[in-house]
2 protein chains.
Amino acid sequence: MKTIAIVGVGLIGGSFALRCRSLGWAHTIIGVDNNSVHAAEALNRGLVDQMASLEEAVSKADLIVLAIPVNAVSAVLKTILSQIDQQVVMDMGSTKSHITHAVNDHPKRGRFIASHPMWGTEYSGPAAAVENAFQGKAVILCDADKSDSDALELAVSIFKGLDMRIIHMDAVDHDLHAAYVSHISHITSFALANTVLEKEKEDDAIFEMASAGFESTVRLAKSSPEMWTPILMQNKENVLDVLNEHISQLRKFKSCLEKENWEYLNELIVNANQIRRIIK
Amino acid sequence: MKTIAIVGVGLIGGSFALRCRSLGWAHTIIGVDNNSVHAAEALNRGLVDQMASLEEAVSKADLIVLAIPVNAVSAVLKTILSQIDQQVVMDMGSTKSHITHAVNDHPKRGRFIASHPMWGTEYSGPAAAVENAFQGKAVILCDADKSDSDALELAVSIFKGLDMRIIHMDAVDHDLHAAYVSHISHITSFALANTVLEKEKEDDAIFEMASAGFESTVRLAKSSPEMWTPILMQNKENVLDVLNEHISQLRKFKSCLEKENWEYLNELIVNANQIRRIIK
């Protein structure tokens, strides 16, 4: 590749750019970002060689990577697909059904790769970008049969080059599973933060006493609303389904406490311990 | 000190023992544990020099440390207080009201230090003990005015020696704050694990896709029921209060999704972001 365009030079786009640079994958990396502060920061950190308008960047790039909030992806993606010929476009959003649905009938659909690298942190913007973000992580490629084989090959070689495990899945399944393994975690964390902020008026006490356990359950609550409101919007049905189940699971704990049913409380915890089967 | 007795040679007791040994604080460390597998493991890992019965250990020790599930503390503590003369007894449990209440009228109350080191992991048993567990963490000393001044001085010197920040608090306040910064995190994590285990039947999908975000919100779900059922029992009122608030905060997210009230959803996330004020 000669030129890579990164649309959205934040946490994900910036981290991808850093790694591309370090691996020498492109002569030139062009950034595109509406946020002028982020644009300046991306240049300053050397994430990209230059900033440009979307149109200019797309016209010059062999590969275009979209790393913007999911509510912005569909429109930008359509614009790009209508502009390109044989270039490849890849998005990295956390929802897939909405985005793939928006472009499935586009004559250039084959040039698009719907991807979701399973990595992120609670921070955002180019300052949060880190080089070894993706290493050893999974990446989901959705509806790959709708992509041209050369475009898919390029994407696979890129993710393998990033040392990622490639998983194929259709977009609908992706969104269902993502609701369980990522989206609900964010909601519980946001709600836990709001609980503590609402009820615990002594900041000092939280600050002094908060241990690693609290930090780990609440850290996702620092995640950006610009990213997460659109994700929850686009995956509304799945998220609601998981959220309803989660509330009903919490009500079981509540009922055990209210009724002093310690035996059942113990069972609930023993059952939860089975998560060890899945996460080490 | 010549001899320290550690009652309960698990995660907390074992970690404390390791550090005492490394700092050369005792000629002899005696372990007490009902669980014969844990007893053998503690000897095997060199956490303690010998295992003994409670009575024998207490008769030989200058300092007795209780690191057993909170439902067992009160009875054992009373037994110990009735046996000792000038020795010091310290517990390390996650609840404090129940325990202090049980011994407040004991003639030897002054020899007891109610402490709660704010450290733990989701693992348990002597195999989980680590040497630098407590370093840089907070320890809450409760109702310190009810302890004899020499006993308190010893406890303070120990926790300073462990490089911990000492916070004084009354037992009732401790349990209230602990519900917010620790106990609710465990319930949300247990409930999240149960949610995923209930609804997501494809273990492989979770396993492959689970990212750091999921792991961090769910890891406490691996915590032991032997520890946590008693903690939730003893802190029932505070935990119920926080849990009710937490469910009502989750219902706000649910309502936003159902009503497609994206503006309010965004506000909820912006509000949650204020947790940055408290945790870095």
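## Helices α11 and α12 of chain B

Axes are lines fitted to C-alpha atoms, for helices over the stretch in contact, and the angle between two of them runs from 0 to 180 degrees between N-to-C directions. In this predicted model, the axes of α11(B) and α12(B) come within 8 Å and cross at roughly 150 degrees. Angles over 145 degrees count as roughly antiparallel, and α11(B) and α12(B) are therefore roughly antiparallel to each other. The crossing in which α11(B) passes α12(B) is left-handed.

Which residues make this contact in α11(B) and α12(B)? From α11(B) come Lys252(B), Phe253(B) and Cys256(B), which meet Tyr264(B), Leu265(B) and Leu268(B) of α12(B). By type, the residues of this contact are 5 nonpolar, no polar and 1 charged.

## Helices α7 and α11 of chain A

Two packed helices are described by the angle between their axes and the distance between the axes. For α7(A) and helix α11 (residues 236–259) of chain A, the angle is about 55 degrees and the axes are 9 Å apart. This angle makes α7(A) oblique to α11(A). Here the crossing is right-handed.

On the side of α7(A), the contact is made by Asp175(A), Leu176(A), Ala179(A), Tyr180(A), His183(A), Ile184(A), Ile187(A) and Thr188(A). On the side of α11(A), Asn238(A), Val239(A), Val242(A), Leu243(A) and His246(A) take part. The contact of α7(A) with α11(A) has 8 nonpolar residues, 4 polar and 1 charged.

## The sheet of chain A

Chain A has an open sheet of 8 strands with mixed pairing, and the strand order is β3-β2-β1-β4-β5-β6-β7-β8. At the edges stand β3 (50–51) and β8 (165–169) of chain A; each has a single partner strand, so one side of each is left without a neighbour in the sheet.

Strand β6 (residues 112–117) of chain A runs antiparallel to strand β7 (residues 138–142) of chain A, and 4 bridges join them. Pro117(A) stands opposite Val139(A) in β7(A). Helix α7 (residues 171–199) of chain A packs on the sheet, where it touches β6, β7 and β8 of chain A. The direction of α7(A) makes about 140 degrees with that of β7(A). Helix α4 (residues 70–83) of chain A lies across β1 (3–7), β4 (63–66), β5 (88–91) and β6 of chain A, at about 175 degrees to β5(A).

## The sheet of chain B

In chain B, 8 strands form an open sheet with mixed pairing, in the order β3-β2-β1-β4-β5-β6-β7-β8. The edge strands β3 (50–51) and β8 (165–169) of chain B each pair on one side only. Strands β5 (residues 88–91) and β6 (residues 112–117) of chain B pair in the parallel sense over 3 bridges. Met90(B) stands opposite Ile113(B) in β6(B).

Helix α4 (residues 70–83) of chain B packs on this sheet and touches β1 (3–7), β4 (63–66), β5 and β6 of chain B, with a direction about 175 degrees from that of β5(B). Helix α6 (residues 149–161) of chain B also packs on the sheet, touching β4, β5, β6, β7 (138–142) and β8 of chain B. The direction of α6(B) makes about 25 degrees with that of β6(B).

## Where the chains meet

The contact between the chains takes 80 residues from chain B and 80 residues from chain A. On the side of chain B, β7, α7 (171–199), α8 (203–209), α9 (212–218), α10 (225–234), α11 (236–259) and α12 (262–272) each supply at least two residues. The largest share of that side, 19 residues, comes from α7(B). The residues of that side divide into 45 nonpolar, 19 polar and 16 charged.

## Confidence

Chain A has a mean pLDDT of 94, and 100% of its residues reach 70 or more. The scores of the model are ipTM 0.93 and pTM 0.92.

Methods. Residues numbered from 1 in each chain as written. Chains lettered and ligands numbered in written order. Predicted model: local features only at pLDDT ≥ 70, side-chain atom pairs only at ≥ 80, totals over all residues. Pairing = 2+ DSSP bridges. Contact = placed C-beta atoms within 7 Å. Nonpolar A, V, L, I, M, F, W, Y, C, P; charged D, E, K, R; others polar. Parallel < 35°, antiparallel > 145°, perpendicular 65-115°, else oblique. Left-handed = near helix turned anticlockwise from the far one by under 90°. pLDDT = per-residue confidence, 0-100.
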